[in-house]
Amino acid sequence: MGNTASVKTEASDSVEQPATAAPAPEAKPKKICCACPDTKKLRDDCIVQNGEGACGKFIEAHLQCLRAEGFNV
């Protein structure tokens, strides 16, 4: 019976899985709200200060960034 206990211990020790077996981090956010934070901030700041009509280049830059991330906008 003593051999059975040592076999179980050896088996459990050899079955260890690395803690890094989690899925790889995603390259892009799944949600559009989290994508392109830099262009989003610039766009939002411009709209707050100057109104939407004066911020076309920031809006378009943000849309281009979102498209590059795979969003259909």
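Me: Before we get to the cysteines, what does "partly exposed" cover, and how does cysteine 34 count?

Reply: Buried means under 20% relative accessible area and exposed means over 50%, with partly exposed in between. This is a predicted model, by the way. Cysteine 34 comes out at 46% relative accessibility, so the label is partly exposed.

Me: How many disulfides does a search of the whole structure find?

Reply: Two pairs come up. Cysteine 36 bonds with cysteine 65, and cysteine 46 bonds with cysteine 55. The search of the whole structure gives 2 disulfides.

Me: What is the pairing if you number the bonded cysteines in sequence order?

Reply: One link is made by cysteine 36 and cysteine 65. The other is made by cysteine 46 and cysteine 55. Number the bonded cysteines along the sequence and the pairing reads 1-4, 2-3.

Me: And cysteine 33, which cysteine has the nearest sulfur to it?

Reply: A disulfide needs sulfur atoms within 2.5 Å. For cysteine 33 the nearest cysteine sulfur is 3.5 Å away, and cysteine 33 is in no disulfide. That nearest sulfur belongs to cysteine 34.

Me: How far apart in sequence are the parts that cysteine 36 and cysteine 65 tie together?

Reply: Their sulfur atoms sit 2.0 Å apart, and the two form a disulfide. Cysteine 36 is in the loop between α1 and α2, while cysteine 65 is in helix α3, so the parts they tie together are separated in sequence by 29 residues.

Me: Is cysteine 36 itself buried or exposed?

Reply: Cysteine 36 has a positive phi, near 55 degrees, even though it isn't glycine. Its partner in the disulfide, cysteine 65, is partly exposed at 23%. Cysteine 36 has a relative accessible area of 8%, and the cut-off is under 20%, so cysteine 36 is buried.

Me: What about the other link, left-handed or right-handed?

Reply: Both of its cysteines count as buried: cysteine 46 at 6% relative accessibility and cysteine 55 at 0%. The angle about the S-S bond is -90 degrees, and the link of cysteine 46 and cysteine 55 is left-handed.

Me: Which residues does isoleucine 32 touch, leaving out those up to four places away in sequence?

Reply: Isoleucine 32 is in the loop between α1 and α2 and is partly exposed, with a relative accessible area of 40%. Leucine 66 is 34 residues away in sequence, yet the C-alpha to C-alpha distance to isoleucine 32 is 7.5 Å. The residues touched are Leu66, Phe71 and Val73.

Notes: Residues numbered from 1 in each chain as written. Predicted model: local features only at pLDDT ≥ 70, side-chain atom pairs only at ≥ 80, totals over all residues. Heavy atoms only, no water. Buried < 20%, exposed > 50% of the residue type's maximum accessible area, 1.4 Å probe, protein only. Helix = DSSP H or I, 4+ residues; strand = E, 2+ residues; numbered from the N terminus. Contact = heavy atoms within 4.5 Å.
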